[in-house]
Structures are given as structure tokens and as C-alpha cells.
Amino acid sequence: MVCADCREPITGRYLKVGRLTFHPEHFRCRACGQVIVGGFQTHQGAFLHPACFAERHAPRCGVCEKPITDRYVQHEGRAVHATCYGKHFAARCDVCRRAIVGTWLKDHWGHVYHAEHQREFATCLYCGRLCHDAIGGGGVRYADGRAICRLCHRTAVHRDGDVARTVAAIRRRMAAWGVDLGAIEAPVQTVDRHRLGQLLGRSHAGIKAVSGIAVMNWERHGREVRNKRATICLLHGLPLQWLEGTAAHELMHVWNFHHGPPHAFELEEGSCNYLSYRVHQEQGGEMAAYHIESLMKDPHPAYGVGFRRVKRFVERRGFDQLLLLLQRARDFPMFE
């Protein structure tokens, strides 16, 4: 057995590296000439200390120009240490201000934050912001469990009289569009989420954003329906623009109840959400745009898909034709 370095016979202790054998003191780094003890790297058949290999042959960080021997990030075609990337290029989390390198989220308003913060802070039910000081100005938790950020809470309507006046204003606006309730009475009540859930029942189970219901009552005499009555129940403390959209939705239910036959769920909720959409269009601004985007992306078969079918119907045939459809038919026409 011959040492691969000195070519002399090995008679005592030896070191075997692959197919080669060495006197232990002759297994040296090609770069610095020092004996290698422990780990090593190879380059073109030569053995090197890991540090010597990194200094001579490892890629260099595009920021600090030091060798890269651990995690790195590709940035604009250059390899960059993960720490250098975080310090110089990475976006900053709007919650903790640390660099965002791993999984992250971005809300409608452009805020970016680490995914784990969504488990640490509540999300505002009405705008989708985190209830954190740096994003939504902090948050408020209503007694019924709803989370609302401070930005939305500033416009929240709490007094029953103010809620009733807001609903009346929406009713007048709808009348100008041709959805006139005339002398039909629809008193307004405010309720908490628990009571609203009782009124909604199983048909709306799992739909978190439902904020109101039009409770219908009537008397039947044979085939004749008499004494139709409607009461609108709305969650207390709704932000103003959300309240206006919800009021339009529930008032449309009342109009449908008094002017047409019972409708398929998709047509009924879709037409009511279309009135919310019109209100948000007139409101304008960032919050209205958020509500409209939510309607356009809602995957629910009635509140989302039904709304978008109604919207297409109106765009093709006009709003007056939608009102005629609601008065005469139970469902969308077979060929829209």
C-alpha cells in the first residue's frame, strides 16, 4: 500500500479516501498546504478544506462579494446570500417590519405580511385588513364576536335612528332607479349576529358576510295571499358604505316579495346583490371598489354567480327588463 502523496509505502496508520490511501499527515489541502482533518471538498481531483474551496471556487454574493456556502436567493440574475437579500432587496412585512423571504400574503389594499400574522390577528369582516395598528389602525371586537378594524369602525352606524335614516335614503335612491316601494312599509330593526343567525336559519349557514335579512309574513286565503308584511333586520354597527349596500339588498327583497312570484335562489339573491352593486358604483372611492371586487369574485352560487348572471342580463337587455323579469318569471330565461 503506497501513499498517494509521497509515494512511499504505508506501514502504520493510514487514511483512505475513495480509492486512494494517504499517510494521515500527508492528506493536505491543495490550496493552503495544511493537513485536512474532518470534512473536505474536491475540485478537479484536488482535495481542499471547505473554507479554502469556498474562497477559491464557491459563487460570490452579488452584494457583499463573499463566498456563498449556505442558502441564497437569485436576484436579477445574481446569487445573493439570503441575509443580504433580506437586508437590501426584500419587501418588509407591514406588521413586524422584518424582511419577507418565505410565504407572504398581500391584501386588497397593498399591505404585505408574513402568512403567520393572519393567525395572530383578526381580519376585519368589512374590508379584509388585519386588525393591527400598522394596517387597520388596530381593531374592535363587538360583543357578538365580529372583528372590525378601526378604519371601518370610524364610519360604523350604531344608533337605530341613524340606521333607519340611512335605509330611507337608499329607498329614495332606488325609487329613482325604478325600484319604487311606494307606500309599502318595511320597518327596520338592528340585531346582533346571534339573532341574525337564528333568523337566517340553515339556508345561509357558513356565509360570514351576511349582514341583514328581510323577514316576510303573509296570510293565505285559499289561493289568495293577503296582508304581506316585511321587516328588515340589520346587524348593528355596520360601516356606513356596507350598511348602504346591505340596505339596498334587503329592500330589493321587499320589492320582489310585493311585485313578483317567488324566485329561484340564484335569481333572487343575484338581483338583490345587483342593487348593492349599483349603490357601490354611486358611492365611488376605494372602499366601494373593494365591495365591488368582492361581488365580482364571490364564488357563492347565488350571491356571486347569481349576481354576475344578473349583471350580464342587465348589460345585454337593460335594467327595466330585469324588473319585468322579476315581476313575471321565477327564474332566468332559458336562453339568456
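The model is predicted: local features need pLDDT of at least 70, side-chain atom pairs count only at pLDDT 80 or more, and totals for chains, interfaces and linings use all residues. Residues are numbered from 1 along each chain as its sequence is written, and side-chain values use heavy atoms, without hydrogens and water.

Start with helix α5, residues 160-176. Helices are DSSP runs of H or I, at least four residues, and strands are runs of E, at least two, numbered from the N terminus. In α5, V163, T166, V167, I170 and M174 are buried. Buried means under 20% relative accessible area, exposed over 50%, partly exposed in between (1.4 Å probe, protein chains only). The five cover an arc of only 95 degrees around the axis, so they lie on the same side of α5. That arc is taken from the directions from the helix axis to the C-beta atoms. The face turned away from the buried side carries exposed R165, R172 and A176. Cover for the buried residues includes β12 (188-191), β14 (224-235), α7 and α8 (265-283); contact means heavy atoms within 4.5 Å. Just after α5, G178 has a positive phi of about 105 degrees.

Helix α7 (residues 240-259) holds H253. H253 counts as buried because its relative accessibility is 11%.

Turn to α8. R278 places its charged end over the ring of W177, 4.3 Å from the centre. R278 also lies over the face of F319, 4.7 Å from the ring centre. The criterion is NZ of Lys or CZ of Arg within 6 Å of the ring centre and within 35 degrees of the ring normal.

Technical notes:
The expected span of a helix is 1.5 Å times one less than its number of residues.
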